[in-house]
Amino acid sequence: MSIQPGVVLLVPSLRVHDPAPIDRGWPALYLDHNATTQPAPAVIEAMAACLGEGWANPSSTHAPGRAARERLEVARARVAHLVDAADLREVVFTSGGTEAIHAAILGAWRARRELARDTILASSVEHAATRSALEAARREGARIVLAPVDAQARVQREAVLERIDERTVLVSLIHANNEVGTLLDLGDLGQRCRAAGVLLHLDAVQAVGRLPFSVRALQADLVSLSAHKLHGPKGVGALWVRRGAQWEPTTAGSQESGRRGGTENLPGIVGFGVAAQLARAWLQAEGWKDLAAVRDAFEARLLELVPDVVIHARSVPRLPNTSSVRLPGLDAELLLAYLDSQGVHLSAGSACHATARAPSPVLAAMQLGGAAGMETVRVSFGRGQDRADACRAAEALAQASLDLGRLVPSSVIPGR
Ligand code: PLP
């Protein structure tokens, strides 16, 4: 399939436009969609078909290879449509969000570093993937500057702007925080970066597929995506690179138009394409508003049951599915283990180390060090969940709190 410059492929429509309520395969309550989501049935079907029949190498010039290439380019167009790319060739497939972020940061750094330009600017609430890429750039001579956030994990735009100077090569920011859900208020940062000759990379791994997202409107140069956060498979993602952006590949090779070497993970990419198309249909139907209503119902019920619960970043724009919750006096790891044993699966924002446990860097940056950070858990809903799930989730947390010895008025819990 030859691709004309500036042309976005017409994408064949799917038989299934919106996933049926997902049968999660077990009766438990899964509340960890920010960690990963279940592949949609149409994704599994398309991947199986690709493995079974479309397994040729997309770089081969024979007929099966050309058919494989066509599958690859259809998937690319679907992902390009999801993020409103001007040109499908701006999408470079990777092995996931982490690789996309590393390629964005190191590729921008290597392409643009100069003696006088040596600084990468990020925030103090970046994902571990960004933190490790920044560390790699630091080992190559980059100066890393982190802008602070407020108590709601909001990156302060002014704080970023005032740190941009003639030494700045790249600004790299998380678009939606994976732990708390806080959204980046980008404002005119894209234009301001461009005017200053600074590249802008957004880690949009949690945002894309959950909220309407347009790379063009944001005026970014590089955007990282991951399939498994939007009901696609794990181990596949993409880096969107604006045409003309001064960036260089970090993996040499002829694939992906010379921008990422290595035979493409075609079944994964096909699954990503289908997931992207499903996500687009879901966003067009404003599914994210329903998801926000589910999350809000959870929070309202939890506040009813546990009046002293603390919900972080509740008053700022957030991902529609995420709730960061603290039950004062209840250790998050204990709560998670207990809920897990009850078939309710979620995660915490604290990291366990061999010798000591500490709140995650994100919570620490929000000034939630100490007990507050150790008592915070993340509840993340997903497509297909409803208000009944939200109530079950709130009641499970309240019940756990009671069972684990926190004082909750028992009269408010059904069945007690
Ligand atoms: N960035 C954010 C904000 C994430 O939440 C994640 C995954 O948790 C990543 C990057 C890494 O993506 P992947 O798991 O596809 O490597």
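**Notebook: loops, a sheet and a helix pair**

I began with H231, which I found in the loop between β7 and β8 (237–241). Helices here are DSSP runs of H or I with at least four residues, strands are runs of E with at least two, and both are numbered from the N terminus. I noted that this is a predicted model, where local features need pLDDT of at least 70 and side-chain atom pairs count only at pLDDT 80 or more, while totals for chains, interfaces and linings use all residues. Residues are numbered from 1 along each chain as its sequence is written, and side-chain values use heavy atoms, with hydrogens and water left out.

**Two positive phi values**

I looked up phi for H231 and got a value near 65 degrees, positive although the residue is not glycine. Is H231 buried or exposed? H231 is buried, with 3% relative accessibility (buried is under 20% relative accessible area, exposed over 50%, partly exposed in between, with a 1.4 Å probe and protein chains only).

Next I visited Q219, in the loop between α7 (215–218) and β7 (222–226). Phi of Q219 is near 55 degrees, again positive in a residue other than glycine. Q219 is partly exposed, at 25% relative accessible area.

**The sheet**

I then traced an open sheet of seven strands, in the order β2-β8-β7-β6-β5-β3-β4 and with mixed pairing. Strands count as paired if DSSP finds at least two bridges between them. At the edges stand β2 (91–94) and β4 (143–147), each with a single partner strand, so one side of each has no neighbour in the sheet. Inside the order, β3 (residues 119–123) and β5 (residues 168–174) run parallel and are joined by three bridges. I saw T119 opposite T168 of β5.

**Helices α3 and α4**

How far apart are the axes of α3 and α4? They are 9 Å apart, and helix α3 (residues 97–112) packs on helix α4 (residues 128–139) at an angle of about 30 degrees. From α3, the contact includes I101, I105 and W109, and from α4 it includes A133 and A137; contact means heavy atoms within 4.5 Å.

**A108**

Last, I checked A108 in helix α3. A108 is buried, at 0% relative accessibility. Leaving aside neighbours within four places in sequence, A108 touches several residues, among them V169, L199, L222 and W247.

Technical notes: Axes fitted to C-alpha atoms, helices over the stretch in contact; angles between N-to-C directions.
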